[in-house]
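Q: Please take a single part of this model and go through it closely. I would like to know where it sits and what lies around it.

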Amino acid sequence: MRSSQLPALPHVLDPVLGKQGGHMGLILFPGDGDNSSPDASWSYSGFAAFRRRLAESEGFVLSEMWGFGGERPWSEVSTALKPLLDHPDTGGDDLSPAECASILVQLEAITNQWTRENRDQLLQQHVEDVSQLADVLRLCIQKDVPLVFL
């Protein structure tokens, strides 16, 4: 059957597509089964830039880390953001509510730092990204559900 012959379907948000105008990306959301829950989404390149900036704020270079092109083991890094930074873009284990709580505390501290810096437009985008992710993390903690990567 050709696509022009397919029945019309209602618009359904494809969770794999990010907000970046239909580019492939990823979405982080609470594992509460509620499709109306808030989520945070990025293009793959946007998420990579976001994590690089987070790692930089934590005092290390992400590209030097194992799994990101480098040889440095994650055991050498001490950060509450490790579950977020050392996670596959999609799939992988869900993050527990306890991990979400630790991540949230550190993200808020970094956001305060970034807000004071206010250096560039990309940093402003990262501050907005943290705000969206923080809303999702708070919901995961409140409902005691995991954070899911898709």
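Predicted model: local features only at pLDDT ≥ 70, side-chain atom pairs only at ≥ 80, totals over all residues.

A: A residue counts as buried when its relative accessible area is under 20%. By that cut-off 5 of the 6 residues of strand β1 are buried, so this strand is largely enclosed by the rest of the structure.

First, the setting. The protein chain holds 4 helices and 3 strands. In sequence order these elements follow the pattern β-β-α-α-α-α-β. Of the 150 residues in the chain, 36% are buried. Among contacts with a separation of 6 or more, 57% are between residues 24 or more positions apart.

Next, the sheet. β1, residues 25-30, belongs to an open sheet of 3 strands. The strand order is β2-β1-β3, and the pairing is antiparallel. The edge strands are β2 (40-43) and β3 (147-149), each of which pairs on one side only. On average, neighbouring strands in this sheet are turned by 15 degrees against each other, with direction ignored.

Now the pairing of β1 on each side. With β2, β1 runs antiparallel and is joined by 4 bridges. Gly-25 has Ser-43 of β2 as its bridge partner, and Leu-28 stands opposite Ala-40, also in β2. With β3, the pairing of β1 is again antiparallel, over 3 bridges. Here Pro-30 stands opposite Leu-147 of β3.

Then the helices that meet the sheet. Helix α1 (residues 44-57) lies across β1, β2 and β3, and runs at about 105 degrees to β2. Helix α4 packs on the sheet too, where it touches β1, β2 and β3. The direction of α4 makes about 35 degrees with that of β1.

From α4 the picture extends to another helix. The axes of α3 (residues 97-117) and α4 (residues 121-143) come within 9 Å and cross at roughly 155 degrees. An angle over 145 degrees counts as roughly antiparallel, so α3 is roughly antiparallel to α4. The crossing of α3 past α4 is left-handed. On the α3 side, the residues making the contact include Ile-103, Leu-104, Leu-107, Thr-111 and Trp-114. On the α4 side they include Leu-123, Val-127, Val-130, Leu-133 and Leu-137. By type, the residues of this contact divide into 15 nonpolar, 3 polar and 3 charged.

One residue of that contact can be followed further. Thr-111 lies in α3 and has 15% relative accessibility, so Thr-111 counts as buried. Leaving aside neighbours within four places in sequence, Thr-111 is in contact with Val-127 and Val-130, both of which are α4 residues in the helix contact.

To put the parts together: β1 lies between β2 and β3 in the strand order, α1 lies across the three strands, and α4 touches β1, β2 and β3 while also meeting α3.

How values were computed:
Residues numbered from 1 in each chain as written. Heavy atoms only, no water. Axes fitted to C-alpha atoms, helices over the stretch in contact; angles between N-to-C directions. Helix = DSSP H or I, 4+ residues; strand = E, 2+ residues; numbered from the N terminus. Parallel < 35°, antiparallel > 145°, perpendicular 65-115°, else oblique. Left-handed = near helix turned anticlockwise from the far one by under 90°. Contact = heavy atoms within 4.5 Å. Nonpolar A, V, L, I, M, F, W, Y, C, P; charged D, E, K, R; others polar. Pairing = 2+ DSSP bridges. Buried < 20%, exposed > 50% of the residue type's maximum accessible area, 1.4 Å probe, protein only.
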